[in-house]
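Subject: Structure handover

Hello,

Here is the structure I said I would pass on. Please look through it first; my notes on what was found follow below.

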Amino acid sequence: MPYHSIVLVKQVPDTAHVTGKVMNEDGTINRAALPAIMNPEDMNALEMALQVKDQHGGTVTAVTMGPPRAAEVLREALYRGADQVILLSDKKFAGSDTLATSYALKCAVERIGGYDLVFCGRQAIDGDTAQVGPQVAEKLGIPQITYAEAILALEGGSITVRRALPLGREVVRCTLPCLLTVVGSANQPRPPSAQRMLACKLAASPLEYARLLETWPEFGTEEALDRYLAERGLRIPVWSAADIGADEGMLGLSGSPTKVLKVDYVVFESRTSKEISPTEEGLSLLLRDLIEEYIL
């Protein structure tokens, strides 16, 4: 039985490269100064969806919400095997917290329709809230399985999943459709296919046409480029708030009840140091000092 999977992916700054040079004066991150990547656990979610497609047939649709630059992660999804991709991009989405983001994604999933499974990463490395996936499931009114590590069985209208929890493993079963949030230990994401990279290298959204024409001036006009991409299935559709039928009052800053009050820097400074000998006596002295300082 084929299954239609929707994968929610996010473009995030590569936090491994965060230094003082990429911080703004107000303590926020200058995202433009950092390389952008697909959120790591979203990559695991995409791989799990592709494995379902490999084993049972069906389709995989990747969806992301963000500025025009976010189309980069959609191309990554195409290179790895996604059948369709959709970019949600609208100034009305700007400033969305997890509540507003999950509402927009819920509207997009409903517009796509006909889905059996919705996949997303457990959490994003830029926010670490782990809220968007569960909120999307709640708004869709479908069951959710968080911390999904492996699909043990998928047949008919039910799925059995092993969850990776801090204190062990748990096996659960639920009916379809359902949403899974996937952990990083779930799988090893497949690399991009060289064949698909060649086939999809020009995949782009209309928001990127001006940039593409600088590299490929032979197309002449954006209209000609659009026709070329559309004929080959390489046009990445862009959906606005109106396209997904969203209530504008529930998007962006107006739909986001959480606000960042302030950002504090945490700086660790070494004031004193003490050398500990690698002996039982040295360790005993270290433990005594830790207890006397009420650290232990």
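Ser5 sits in strand S1; helices (H or I, at least four residues) and strands (E, at least two) are DSSP runs, numbered from the N terminus. Ser5 counts as buried because its relative accessibility is 1%, where buried means under 20% relative accessible area, exposed over 50% and partly exposed in between (1.4 Å probe, protein chains only). Leaving out residues up to four places away in sequence, Ser5 touches Ala49, Val52, Thr59, Val60, Thr61, Leu117 and Phe119. A contact means heavy atoms within 4.5 Å.

Two points on how to read this. The model is predicted, so local features need pLDDT of at least 70 and side-chain atom pairs count only at pLDDT 80 or more, while totals for chains, interfaces and linings use all residues. Residues are numbered from 1 along each chain as its sequence is written, and side-chain values use heavy atoms, with hydrogens and water left out.

The sheet

Nine strands make an open sheet with mixed pairing, in the order S9-S8-S7-S10-S6-S1-S4-S5-S11. Its edge strands, S9 (168-175) and S11 (238-239), each pair on one side only. Two strands count as paired if DSSP finds at least two bridges between them.

S4 (residues 58-65) and S5 (residues 84-88) run parallel and are joined by five bridges. Within this pair, Thr61 has Gln84 in S5 as its bridge partner. Helix H2 (residues 71-80) packs on the sheet and touches S4 and S5, its direction making about 170° with that of S5. Axes are lines fitted to C-alpha atoms, for helices over the stretch in contact, and angles run from 0 to 180 degrees between N-to-C directions.

Helix H1 (residues 40-56) lies across S1 (3-8), S4, S6 (117-121), S7 (144-155) and S10 (178-182), and runs at about 150° to S6.

S7 is joined to S10 by three bridges, and the two run parallel; Ala148 stands opposite Val182 in S10. With S8 (residues 158-165), S7 pairs in the antiparallel sense over six bridges, and Ala153 has Thr160 in S8 as its bridge partner. S7 and S8 form a hairpin with two residues between them, and Gly156 in the turn has a positive phi of about 60°.

The whole protein

There are eight helices and 11 strands in the protein. Of its 296 residues, 43% are buried. Among contacts between residues at least 6 apart in sequence, 70% join residues at least 24 apart.

Regards
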